[in-house]
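Please read these notes beside the coordinates.

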Amino acid sequence: MTLKQKTALVVGANGIIGGNLIRYLVELGDWEIVGLSRRGGKTEGKISNIAVDLLDAVDTREKLAHLTDVTHIFYAAYQDRPSWAELVPPNLAMLVNVVNAIEPVAPALQHISLMQGYKVYGAHLGPFKTPARETDANHMPPEFNINQQDFLEARQKGKDWTWSALRPSVVIGFALGNPMNLASVIAVYASMSKELGIPLRFPGKPGAYDSLLEMTDAGLLARATVFIATNRQCGNQAFNINNGDLFRWNEMWPKIATFFDMNVAPPLPMSLNVIMTDKEALWNGMIKKHGLTNTPYTNVSSWGFGDAVFGWNYDFFADGTKLRRAGFHDFVDTEEMFMRVFRDLRDRKIIP
Ligand SMILES: NC(=O)c1ccc[n+]([C@@H]2O[C@H](COP(=O)([O-])OP(=O)(O)OC[C@H]3O[C@@H](n4cnc5c(N)ncnc54)[C@H](OP(=O)(O)O)[C@@H]3O)[C@@H](O)[C@H]2O)c1
């Protein structure tokens, strides 16, 4: 069967990863795009959005039954939970429900792309082997990313479609109202420090200021995702996806302070989740004072995620050469990326 258009089903369309992927697919111009999320969204041009509860198998099957042209599923939905074990059932169920709904009705299905991360390597648990490689052994469960990959691998056997497992580092890009958004954490923390007339202090654990890290630009991730999904030789494999450079906060933090026109002061370990909880009134005051977009405090402040990232007092990077050897040669300068995303937040009047 030859289809004129490729049709992308972006699962988690409002997320930091899904939203940036949709923007890239629109730019490419030769994709029909269907976005799935709980909140839904506008249907315009080549994008249609469906509001669906993917935890509900019946709702998912009913609302997706007409999506017979889907050629590529880009899975980037995420349900947050307080513990690693609790993450497994909902995150596995959503993927299973999507595949159960689409596979029987979409005969031209070519690829299912699964968004994972360095959690596969135990990066969230403690000092893990660096650089992490796609061939590294799994760690002790629970680990929802592994359950999801196991499901896809088993389901693919004997089928024409292929799967891929994508492993970015921390993803940096524009999004609001999502639980893992480091750029917003830094931008809002810096803006509030400035509003209070205090210098910018790194709030992480001792040691975290000096560890070696890498990030993944959301635009680069989108380009890599599409590259992998549309190159048959990349099928049925995992790929690390990172900017291609490394940094330490001790060098980046003063540059961030300069961007915000602030002085930098020595680090002071503190839990943002604790220290920032009483700052909603300050935020609302800043919205009025600086004429900002009316973004609720809960939508800009994924403080728990900030605590996690700034708590990594160990090296945090993976080997990204497998993808480059497969022919994807894009890279992003991490310093330039942070400043671009902060400028974007400023242009959108999210921060002063
Ligand atoms: N963010 C990072 O820095 C990062 C780094 C590495 C790996 N990852 C991985 O990438 C994946 C995606 O993460 P993300 O940060 O992009 O997630 P996110 O910003 O929280 O987005 C999650 C998306 O899933 C949708 N969703 C959640 N529950 C749903 C449900 N029951 N029904 C329908 N849609 C639902 C949300 O819809 P609504 O918007 O309507 O709520 C949202 O669009 C996760 O597996 C995560 O571990 C993330």
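**Notes on the model**

1. Asn145 first. This residue sits in helix 4; helices (H or I, at least four residues) and strands (E, at least two) are DSSP runs, numbered from the N terminus. Asn145 counts as buried because its relative accessibility is 3%. Buried means under 20% relative accessible area, exposed over 50%, and partly exposed in between (1.4 Å probe, protein chains only). Leaving aside residues up to four places away in sequence, Asn145 touches Leu114, Met115, Gln116, Gly117, Lys119 and Val120. Contact here means heavy atoms within 4.5 Å.

2. Ground rules. This is a predicted model, in which local features need pLDDT of at least 70 and side-chain atom pairs count only at pLDDT 80 or more, while totals for chains, interfaces and linings use all residues. Residues are numbered from 1 along each chain as its sequence is written, and side-chain values use heavy atoms, with hydrogens and water left out.

3. Helix 3. It covers residues 84-102, 19 residues in all, and reaches 28 Å from its first C-alpha to its last. That is close to the 27 Å expected at 1.5 Å a residue; the expected span is 1.5 Å times one less than the number of residues. Its buried residues include Leu87, Val88, Asn91, Met94, Leu95, Val98 and Ile102. An α-helix has 3.6 residues a turn, so residues three or four places apart point the same way. Which elements cover the buried residues of helix 3? Among them are strand 1 (6-11), helix 2 (57-64), strand 4 (72-75), strand 5 (111-115) and helix 4 (144-156).

4. Two domains. Domain 1 takes 6-170 + 217-241, and domain 2 takes 173-214 + 246-318 + 331-345. The bounds come from an automatic or database domain assignment. The contact draws on 25 residues from domain 1 and 23 residues from domain 2. The C-alpha centres of the two domains lie 27 Å apart.

5. The interface. About 1800 Å² is buried between domain 1 and domain 2, and carbon and sulfur atoms give 65% of it. Buried area is the accessible area (1.4 Å probe) that two parts lose on being put together, summed over both. On the domain 1 side, Ile16, Val170 and Asp217 lose the most area to domain 2, together 32% of what that side buries.

6. Arg340 forms a salt bridge with Asp217, with the closest N and O atoms 3.1 Å apart. The rule asks for a side-chain nitrogen of Lys or Arg within 4 Å of a carboxyl oxygen of Asp or Glu. Helix 1 (16-28) and helix 6 (218-230) are the elements that give two or more residues to the side of domain 1 that touches domain 2.

7. Cis peptide bonds. One joins Thr130 and Pro131, with omega about -10 degrees. Another runs from Pro141 to Pro142, with omega near 10 degrees. Pro131 lies in the loop between strand 5 and helix 4, and Pro142 is placed in the loop between strand 5 and helix 4 as well.

8. Positive phi. Asp261 is not a glycine, yet its phi is positive, about 60 degrees. It lies in the loop between helix 7 (249-259) and strand 11 (264-265). Is Asp261 buried or exposed? Asp261 counts as exposed because its relative accessibility is 64%. Lys349 also has a positive phi, near 60 degrees. This lysine lies in the segment after helix 13 (334-347). Lys349 counts as partly exposed, at 46% relative accessibility.
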